[in-house]
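Thanks for coming. I will take one model this morning and go through it piece by piece.

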Amino acid sequence: MPLVTPAVAPFEYCLHIPHDPRAVRVARASLRTALTAHELPELVDRAELLASEMLTNAIVHAGGEADLRVKWSASGCA
């Protein structure tokens, strides 16, 4: 069943993630705060899981830093 989300004004956030395992927890908390502030709490759990997996893989398998970009537009999230 598709998620039904309220009309939300477009937004975009970009977090620069250092090569540090603690950064994953900070990124998850930041993502939760942004989605909750924009009244999209139904997306929080799924977004946190995806971001956590991707950032952990980036930190474990890549030697450098990463960026987490969250973008919401009229057509949904990207």
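Arg-32 is found in helix H1; helices here are DSSP runs of H or I with at least four residues, strands are runs of E with at least two, and both are numbered from the N terminus. This is a predicted model, in which local features need pLDDT of at least 70 and side-chain atom pairs count only at pLDDT 80 or more, while totals for chains, interfaces and linings use all residues. Residues are numbered from 1 along each chain as its sequence is written, and side-chain values use heavy atoms, with hydrogens and water left out.

Back to Arg-32. At 35% relative accessibility, Arg-32 counts as partly exposed; buried means under 20% relative accessible area, exposed means over 50%, and partly exposed lies in between, with a 1.4 Å probe and protein chains only. Not counting residues up to four places away in sequence, Arg-32 touches Val-44, Asp-45 and Glu-48, where contact means heavy atoms within 4.5 Å. Arg-32 and Asp-45 are 13 residues apart along the chain, and their C-alpha atoms are separated by 8.1 Å.

Ser-30 is also in H1. Ser-30 is partly exposed, with a relative accessible area of 29%. Its C-alpha atom is separated by 8.5 Å from that of Leu-15, 15 residues apart along the chain.

Now the two helices. Two packed helices are described by the angle between their axes and the distance between the axes. The axes of H1 and H2 come within 9 Å and cross at roughly 155°; the axes are lines fitted to C-alpha atoms, for helices over the stretch in contact, and angles run from 0 to 180 degrees between N-to-C directions. That makes H1 roughly antiparallel to H2, since angles over 145 degrees count as roughly antiparallel, under 35 as roughly parallel, 65 to 115 as roughly perpendicular and the rest as oblique. On the H1 side, the residues making the contact include Val-24, Arg-28 and Arg-32, and on the H2 side they include Asp-45, Ser-52 and Leu-55.

Ser-52 is found in H2. Is Ser-52 buried or exposed? Ser-52 counts as buried, because its relative accessibility is 14%. Leaving out residues up to four places away in sequence, Ser-52 touches Val-24 and Arg-28.

Next, the core. The largest nonpolar core has 18 residues, and those touching the most other members are Phe-11, Ile-17, Leu-35, Leu-40, Leu-55, Leu-68 and Trp-72. By nonpolar core I mean a set of buried Ala, Val, Leu, Ile, Met, Phe, Trp, Tyr and Cys residues joined through side-chain atoms within 4.5 Å. Strand E1 (11–17), helix H1 (22–37), helix H2 (44–61) and strand E2 (66–73) each give two or more residues to this core. H1 supplies the largest share, 5 residues. Beyond its neighbours within four places in sequence, Leu-55 is in contact with Ile-17, Val-24, Ala-27, Ala-66 and Leu-68.

How many aromatic pairs does the structure hold? There is 1 aromatic pair. Phe-11 and Tyr-13 form it, tilted, at 5.6 Å centre to centre and 55° between the planes. Rings of Phe, Tyr and Trp (its six-membered ring) pair if their centres lie within 6.5 Å; planes under 30 degrees apart count as stacked, over 60 as edge-to-face and the rest as tilted. Phe-11 is buried at 9% relative accessible area, whereas Tyr-13 is partly exposed at 37%.

Last, the whole chain. The protein has 2 helices and 3 strands, in the pattern β-α-α-β-β along the sequence. Of its 78 residues, 29% count as buried.
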